[in-house]
Amino acid sequence: MIDWLAFLLVFVSALIGTAVVVSAYSLGIRLLTASGRTPIVTPAEFTDAITIVTPAEIKQAEKRAKKAAKKSPLTDGQKRAALVGAWACFAVSGVAVLVGIYLIVGDHLIEIFS
Amino acid sequence: MDLTLIVVLVIALALFFDFTNGFHDTANAMATPIATGALKPKTAVTLAALLNLVGAFLSTEVAKTISGGIIKEGDGGVLITPELIFAGLIGAIVWNMITWLLGLPSSSSHALFGGLIGAALVGAWIAGAGNPIDFAVVTSKVILPALLAPVTAGLIAYAATKLAYAITRRYDGKPDGRDGFRHAQIFSSSLVALAHGTNDAQKTMGVITLTLVAAGLQPAGSDVYWWVIVTCAVAIALGTYMGGWRIIKTLGTGLTDVKPAQGFAAETATAATILASSHVGFALSTTQVASGSVIGSGLGRRGSKVRWRTAGRIGVGWLLTLPAAGAVGALAALVAHMGVGGIIIDTVVGVGVIIGIFLWSRRSEVSHHNVVSEVADSGRAVKIKRNPKPKKKKVTS
């Protein structure tokens, strides 16, 4: 017998898990940007078809981010709230991953260490 | 032939297969973070190796599928012998080495299943026994997951990419901070490596357990032995560390160019699919899931194009794997049936092919040093269409 329910279960749980993790993290980035701390992360190494970014261009990007932050219509309080919200979102994303791992291998781990 | 000797030989071969599996699959987890520059290649590979090691300890469901389900033992089926498993492994390893040389992301798991099934069929034919393969289990736990998993992962990655872009999109042209996904990628790709350990290291554990059961050294239906788990974990971690530069080239850049947000979405989808599948004992191909995710997330990005030609080439590699490894496995089983001489011939030919391919590949050696420049060069040669501006015009703030 083919267990179609198992397929459905895999699909649905993977979809929900992915959606939660990705949305929470994206929202975190959105809020971080709103709080005036746009993350500028340069590639660790230009290995691929990544367009090479010169140090000057990185500085430019940082300047642009600062300028955008200055023009932000949000009050300082709102910015602070956004920052807190951003970290809360990152935390939700991380916890979701841990919970997912626990749901899947928790029983096995408990078995090993008991 | 002495039973203990053949068992030792099979275990050694199985561990070598585990090693080539890791060697083959480094790219699954680490092609996207390397492509977006989230991790340095060397760091990425080290991380992948460590997490594969950890992942191998986390589950044994897939090992049980292999050792307990696929090939019927005893009455009604073929009496699976260590010789047949040996032949199946030769088939799997030879096919794995060939696809590695061609830079095709084929599936190590399907190579293994193909080899075992081919060998078992020949074994049954020689013995004049009936159909040795439990096709119901093969269909529901191997073939169907193989067909569905890449599609599933692709759909999820597509949705996740859309989500990530929609949430971070800014219509006022100010910096959107999507660079920040590079940090997330470090974690999501690590998760893929961990998931890989939970699924792929299991396959070798399953084979070794099957051999021990077949040789009467372990009661049927019992748990995987502790030393089997440890050796398999170490073998796959070593393999992951040693290899994969050649494949990283195909999966990370040939297919679609990857942006951090997209890479993050693809990796999360891959990890979620593999982990959920490991949980229910589906022995799916992690390579195919990763490729499906990369394609899905590529389609989820506006203005990005998947190169269908490369995608087609990868698809052909997938389809060929099961029958091709099956053919090699069947041939090896025929030779092994001749007795001790056959086993020796199998070993010599198998080792010969491996050494030959290895030496041939060294002539045009690709390591992390020259892959970098080569890939960067080809990247410049490709015209990357810039993302079109969002259609909705300015939202006045």
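## A tour of chains A and B

In chain A, 79% of the contacts with a separation of 6 or more link residues 24 or more positions apart; two residues are in contact if their C-beta atoms, placed from the backbone, lie within 7 Å. The model is predicted, with local features requiring pLDDT of at least 70 and side-chain atom pairs pLDDT 80 or more, while totals for chains, interfaces and linings use all residues. Residues are numbered from 1 along each chain as its sequence is written, and chains are lettered from A and ligands numbered from 1 in the order in which they are written.

**Stop 1: chain A**

The mean for chain A is 80, and 82% of its residues reach 70 or more. Its secondary structure comprises three helices and zero strands, where helices (H or I, at least four residues) and strands (E, at least two) are DSSP runs numbered from the N terminus. Of the 114 residues of chain A, 30% are buried; a residue is buried if 20 or more other C-beta atoms lie within 10 Å of its own, exposed if 12 or fewer and partly exposed in between, with C-beta atoms placed from the backbone.

**Stop 2: chain B as a whole**

Next, select chain B, which has 14 helices and zero strands. Of its 397 residues, 59% are buried. The average pLDDT of chain B is 76, with 80% of the residues at 70 or above. Residues 367-384 of chain B stay under 50, and the model has 22 contacts beyond four places in sequence for them. For the complex, the predictor gives an ipTM of 0.85 and a pTM of 0.80.

**Stop 3: the nonpolar core**

Centre the view on B:Ile85, B:Phe86 and B:Leu89, which touch the most other members of the largest nonpolar core, a set of 132 residues. Such a core consists of buried Ala, Val, Leu, Ile, Met, Phe, Trp, Tyr and Cys residues joined through C-beta atoms within 7 Å. Helix H1 (residues 3-36) of chain B gives the most to this core, with 16 residues. Beyond four places in sequence, the residues that B:Phe86 touches include B:Ile6, B:Leu9, B:Val10 and B:Leu13, together with B:Ala336, B:Ile343 and B:Asp346.

**Stop 4**

Now select residues 260-280 of chain B, helix H10, whose 21 residues reach 31 Å between the end C-alpha atoms, close to the 30 Å expected; the expected span is 1.5 Å times one less than the number of residues. In H10(B), 20 of the 21 residues are buried. B:Gly281, with a positive phi near 85°, follows H10(B).

Where do H10(B) and H11(B) meet? B:Gln262, B:Ala265, B:Ala266, B:Ala269, B:Thr270, B:Thr273 and B:Ile274 in H10(B) meet B:Thr286, B:Val289, B:Ala290, B:Ser293, B:Val294 and B:Ser297 in H11(B).

**Stop 5: B:Gly298**

Finally, select B:Gly298, in helix H11 of chain B. B:Gly298 is buried, with 24 other C-beta atoms within 10 Å. B:Gly154 lies 144 residues from B:Gly298 in sequence, yet their C-alpha atoms are 9.3 Å apart in space.

Note on methods: pLDDT is the predictor's confidence in each residue, from 0 to 100.
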